Amino acid sequence: MYMHGTNVGGTGTMEQDIKSKFAYLAGLFDGEGNITYKKYWENKPKGRYKCWRIQMEIVMTHEPTIKWCANTFGGRCIPKPRKEHKMQYRWRRGFKNAYEIASAIYPYAVTKKAALKDIIKHYDDKEMDSKNENVVRGSTRSSRKTLGL
């Protein structure tokens, strides 16, 4: 997974720093995040189809936290104005980017663990389906081993 500014903060080795960032992000998602893994009807030029919406999002009023997410894991900090309330800021990752983040933070998550597992399994199953069906389903991907699949 691509991360900006690895080992910023000097917490020791780069591996420790990356793990602490994943753990912190997992905590943010558990407390403030929203994970969408659902099929929606969408109108397309050639008709109406069910399409997957796979998305992970954190919305909060503390802009520096959202900027940290965007600077560390990619994406943007999007302001979300509200009429009579404090300004909110949004950081969102979808589809394959959501898969990469879900795979990285899964071991540290608590309340959102099942939703993260759905995203990981969706993409791992898709990868397996694209390979020869006669191949034994023992993927070498670390995310499948982590999940016990």
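**Buried cysteines, the sheet and its helices**

In this predicted model, Cys 69 has a relative accessible area of 0% and is therefore buried. Cys 51 also falls into the buried class, because its relative accessibility of 18% lies under the 20% limit that defines the term. A search for disulfides across the whole structure returned zero. Cys 69 accordingly takes part in none, and the cysteine sulfur nearest to it, that of Cys 77, is 9.1 Å away. This distance of 9.1 Å may be set against the criterion for a disulfide, a pair of cysteine sulfur atoms within 2.5 Å.

The strands form an open sheet of four, arranged in the order β1-β2-β4-β3 and paired in the antiparallel sense. Strands β1 (33-44) and β3 (78-80) lie at the edges, each pairing on one side only. From one strand to the next, the twist averages 40 degrees. Within the sheet, strand β2 (residues 47-60) is joined to strand β4 (residues 88-94) by six bridges, and the pairing of these two strands is antiparallel. Ile 58 stands opposite Trp 91, a residue of β4.

Two helices are placed against these strands. Helix α2, which comprises residues 63-73, packs on the sheet and touches β2 and β4. The direction of helix α2 makes about 25 degrees with that of β4. Helix α1, comprising residues 14-32, lies across β1, β2 and β4.

Technical notes. Residues numbered from 1 in each chain as written. Predicted model: local features only at pLDDT ≥ 70, side-chain atom pairs only at ≥ 80, totals over all residues. Heavy atoms only, no water. Pairing = 2+ DSSP bridges. Axes fitted to C-alpha atoms, helices over the stretch in contact; angles between N-to-C directions. Contact = heavy atoms within 4.5 Å. Buried < 20%, exposed > 50% of the residue type's maximum accessible area, 1.4 Å probe, protein only.
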